[in-house]
Amino acid sequence: MALLAEGKMPERYQRNLGTVGIAGQIRLLKSRVAIVGAGGLGGTVIELLARLGVGHLRIIDGDTFAVHNLNRQLMSTEHNIGVNKAYAAASRVEIINHDVQTEAVPCMLDAENAEKLLNGVDVVVDALDNVSTRLLVNKITQQYGIPLVYAAIAGFTGQVMTIMPGDIGLERIYKQTNAAEKGVETMLGNPAGTPALAASLQVQEVVKVLTGIGEPLRNKLLYFDTEMNIFEILTLT
Amino acid sequence: MVIEVRLYATLRRYRPSIPNGVFTADVPDGISIAELAHKLEIDPDEIHMIMVNGIGRETDGILADGDRVGLFPAVGGG
């Protein structure tokens, strides 16, 4: 931080200079981001936010790694099967960027703890795998005026959106009359490239929200389907 | 009138002979999106998001000639 205060970019962030600049880097280092889920989406989000230098990451996940996570979950290895995902992610962050503080929260987000866990941060990242918790996170972040960066994936498809306070929310994407907790990912699964692509887009959204640079995807859903070369930005109403 | 239908992700299996899920359909004037889904024999419970010309619409929305109707299932993985 001392170097940045003098208008110089530390060597480790030099490749951030041309996009976020000194002012942006300072903002990233001072920012606090909660990532709900440290699996397919979350693992990649956490890795990239840590490398960028987002100063404080609150990692929320009550799950442990299983063998079937290895195809895509960046934080999973053959040596940490059975380890809590939030702890594993925090350990990884420790060895890639000592500037970043982590808070590993080894439990599932629910209606009882959501207010506490989603408060006191600048952005929340939705890296969940079920509809009802996503809707809960949407509701709480709206209530507390916290920007939310959403994504969801299935097979070769993914979708990403930033929901600022007052913006159109997930009720336009998920029919709530349906009892279904999961989407078509139950049929299609998720190959490695899909969460990586969606998570990378989420990271770019987080950077835009934290630094004020560019245009976040507000009231617009970026939808991709790499099987059919579809990349669309859809307008929600 | 003629509209273009785009079936996304798993909804493409309703037209297995059309791999990219994009086709034109001849439909009566004033047809609603719900009526279109019924005509195409797509289970309405599978349709979670509807886009007409890239803009979100409800299932009771009325279509116009030349509209591009996108039907999307629920995507919830992470």
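Reader: How many of the 13 residues of H3(A) are buried?
Author: The model is predicted, so local features need pLDDT of at least 70 and side-chain atom pairs count only at pLDDT 80 or more, while totals for chains, interfaces and linings use all residues. Residues are numbered from 1 along each chain as its sequence is written, and chains are lettered from A and ligands numbered from 1 in the order in which they are written. With C-beta atoms placed from the backbone, a residue is buried if 20 or more others lie within 10 Å of its own, exposed if 12 or fewer, and partly exposed in between; in mostly covered H3(A), the buried count is eleven.

Reader: Which residue just after H3(A) takes a positive phi?
Author: The buried residues of H3(A) include A:Gly40 and A:Leu52. Just past the helix, a positive phi of about 100° is taken by A:Gly53.

Reader: At what angle do H3(A) and H8(A) pack, and is their crossing left-handed or right-handed?
Author: Axes are lines fitted to C-alpha atoms, for helices over the stretch in contact, with angles from 0 to 180 degrees between N-to-C directions. The axes of H3(A) and H8(A) (residues 193–211) are 8 Å apart, at an angle of about 45°. That makes H3(A) oblique to H8(A), on a scale where under 35 degrees is roughly parallel, over 145 roughly antiparallel, 65 to 115 roughly perpendicular and the rest oblique. A crossing is left-handed if the near helix is turned anticlockwise from the far one by less than a right angle, and right-handed if clockwise; this one is right-handed.

Reader: How many charged residues does the contact of H3(A) with H8(A) have?
Author: Two residues are in contact if their C-beta atoms, placed from the backbone, lie within 7 Å. Among those that meet are A:Leu41, A:Val45 and A:Leu48 in H3(A) and A:Ala199, A:Val203 and A:Val206 in H8(A). Ala, Val, Leu, Ile, Met, Phe, Trp, Tyr, Cys and Pro count as nonpolar, Asp, Glu, Lys and Arg as charged, and the others, Gly among them, as polar. The contact has twelve nonpolar and four polar residues, and the number of charged ones is no residues.

Reader: Which residues of H8(A) make the contact with H2(A)?
Author: The axes of H2(A) (residues 17–30) and H8(A) come within 9 Å and cross at roughly 95°. That makes H2(A) roughly perpendicular to H8(A). From H2(A) come A:Val20, A:Gly24, A:Arg27 and A:Leu28, and from H8(A) come A:Val207, A:Leu210 and A:Thr211.

Reader: Which elements do the buried residues of H4(A) pack against?
Author: H4(A) has twelve residues (85–96) that should span 16 Å, and its end C-alpha atoms are 17 Å apart, which agrees. Its buried residues include A:Ala86, A:Ala89 and A:Val93. They pack against three elements of chain A: H3, E2 (56–60) and E3 (101–105).

Reader: Is B:Ala9 buried or exposed?
Author: B:Ala9 lies in the loop between E1 and E2 of chain B. Its phi is near 50°, a positive value in a residue other than glycine. With 27 other C-beta atoms within 10 Å, B:Ala9 counts as buried.

Reader: Which residues does B:Met1 touch?
Author: B:Met1 sits in the segment before E1 of chain B. It is partly exposed, with 14 other C-beta atoms within 10 Å. Leaving out residues up to four places away in sequence, B:Met1 touches B:Val27, B:Asp29 and B:Asp65.

Terms used:
Helix = DSSP H or I, 4+ residues; strand = E, 2+ residues; numbered from the N terminus. Expected span 1.5 Å × (residues − 1).
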